[in-house]
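Me: I would like to learn how to read a model feature by feature. Please take me through this one.

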Amino acid sequence: MRRRVWVHQALVCVLTLGIFCSQAVTGTAAAASMTPFGPQRFAHAHATYAITTKSTYYRQIWQKAIRAWNATGVFKFKLGHAQSAQIDLSTDTAKQAAAMGDDVGMTNYWARHNEFIAEVCSLNPSLMKEYDYSRSDATHVAEHELGHAMGLNHNPSKHSVMYYRNRSEGIQKVDIAGVKQRYTTPAGETS
Ligand SMILES: [Zn+2]
């Protein structure tokens, strides 16, 4: 039997808890016309997902984030089966959440030849509760993780859903442009 070697590249992203988001910080945000992306992408501008969290609230959060990205037209998330979907959308258990520290969201991926094979995006409910994340804040975190799922990196600008401490921003034009460019650029090349 031939052994298949899969490259395991875990931990794409860690979204740091945005507790300072409401404070005005000047002069730190660089202007970026497009949210940057790394070498990995899905083979096509679409992927299947399954929402595996048992929480009704967070199921709705993931659904809202999926709808928001699908509405942009640059990538299509299609509902798949829990056993075979490419992207698993979950929430952390209290035990997992404790190990996440200050991270309200996280995306792990497995890729081969710079093409995503499987991904797990998770949200951290206990931290979001602790810091009073609204439904819309939580949706922005979910949109951020889906951005990583498609291959986006962090944007140094605060006016991007991919800002590393993002809490208040939804999907921006720079983010849509990043995904569009990601899927017209071959796997292995970066922005
Ligand atoms: Zn991130």
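**Reading the model**

Reply: Asparagine 114 counts as partly exposed, at 24% relative accessibility. Buried means under 20% relative accessible area, exposed over 50%, and partly exposed in between (1.4 Å probe, protein chains only). This is a predicted model, where local features need pLDDT of at least 70, side-chain atom pairs count only at pLDDT 80 or more, and totals for chains, interfaces and linings use all residues. Residues are numbered from 1 along each chain as its sequence is written, and side-chain values use heavy atoms, with hydrogens and water left out.

Me: Where is asparagine 114 found?

Reply: Asparagine 114 is in the loop between E5 and E6. Helices (H or I, at least four residues) and strands (E, at least two) are DSSP runs, numbered from the N terminus.

Me: What is the phi of asparagine 114?

Reply: Start with the general idea. Most residues other than glycine have a negative phi. Asparagine 114 is not a glycine, yet its phi is positive, about 60°. Histidine 113 also has a positive phi, near 50°. Histidine 113 sits in the loop between strand E5 (103-112) and strand E6 (115-123). Its relative accessibility is 70%, so histidine 113 counts as exposed.

Me: How many helices and strands are there in the protein?

Reply: The protein has five helices and six strands. Along the sequence, the pattern reads β-β-α-β-β-α-β-β-α-α-α.

Me: What share of the residues is buried?

Reply: Of the 191 residues, 44% are buried. The accessible surface comes to about 9900 Å², and carbon and sulfur atoms hold 52% of it. Those areas come from the Shrake-Rupley method with a 1.4 Å probe; for residues, only the protein chains shown count as cover.

Me: What share of the contacts joins residues 24 or more positions apart?

Reply: Contact means heavy atoms within 4.5 Å. Among contacts with a separation of 6 or more, 78% join residues 24 or more positions apart.

Me: Which residues touch the most other members of the largest nonpolar core?

Reply: General idea: in soluble globular proteins, nonpolar side chains tend to be buried together. A nonpolar core is a set of buried Ala, Val, Leu, Ile, Met, Phe, Trp, Tyr and Cys residues joined through side-chain atoms within 4.5 Å. Here the largest one has 36 residues, and Phe77, Ile87 and Leu89 touch the most other members. Elements giving two or more residues to this core include strand E2 (46-51), helix H3 (125-130) and H4.

Me: What is leucine 89 in contact with?

Reply: Set aside its neighbours within four places in sequence. Leucine 89 then contacts, among others, Tyr49, Trp62, Ile66, Cys121 and Leu146.

Me: Which residues of helix H5 are buried?

Reply: In H5 (residues 173-182), they are Val174, Asp175, Gly178, Val179 and Arg182. Seen down the axis of H5, these buried residues fall within an arc of 140°, so they line one face of the helix. The arc is that of the directions from the helix axis to the C-beta atoms. The face turned away from the buried side carries the exposed residues Lys173 and Lys180. Cover for the buried residues of H5 includes helix H1 (56-72) and helix H4 (135-150).

Me: How many aromatic pairs does the structure hold?

Reply: The structure holds seven aromatic pairs. Rings of Phe, Tyr and Trp (its six-membered ring) pair if their centres lie within 6.5 Å; planes under 30 degrees apart count as stacked, over 60 as edge-to-face and the rest as tilted. Tyrosine 57 and tyrosine 58 are edge-to-face, at 4.9 Å centre to centre and 85° between the planes. Tyrosine 57 is partly exposed at 29%, whereas tyrosine 58 is buried at 6%. Tyrosine 109 and phenylalanine 116 are also edge-to-face, at 5.1 Å and 75°. Both belong to one aromatic cluster that includes Phe42, Phe75, Phe77 and Tyr183.

Me: Which residue lies over the face of tyrosine 133?

Reply: A charge sits over a ring if NZ of Lys or CZ of Arg is within 6 Å of the ring centre and within 35 degrees of the ring normal. Arginine 167 lies over the face of tyrosine 133, at 3.9 Å from the ring centre. Arginine 167 is also touched by aspartate 137. Aspartate 137 lies in helix H4 and is buried, at 11% relative accessibility.
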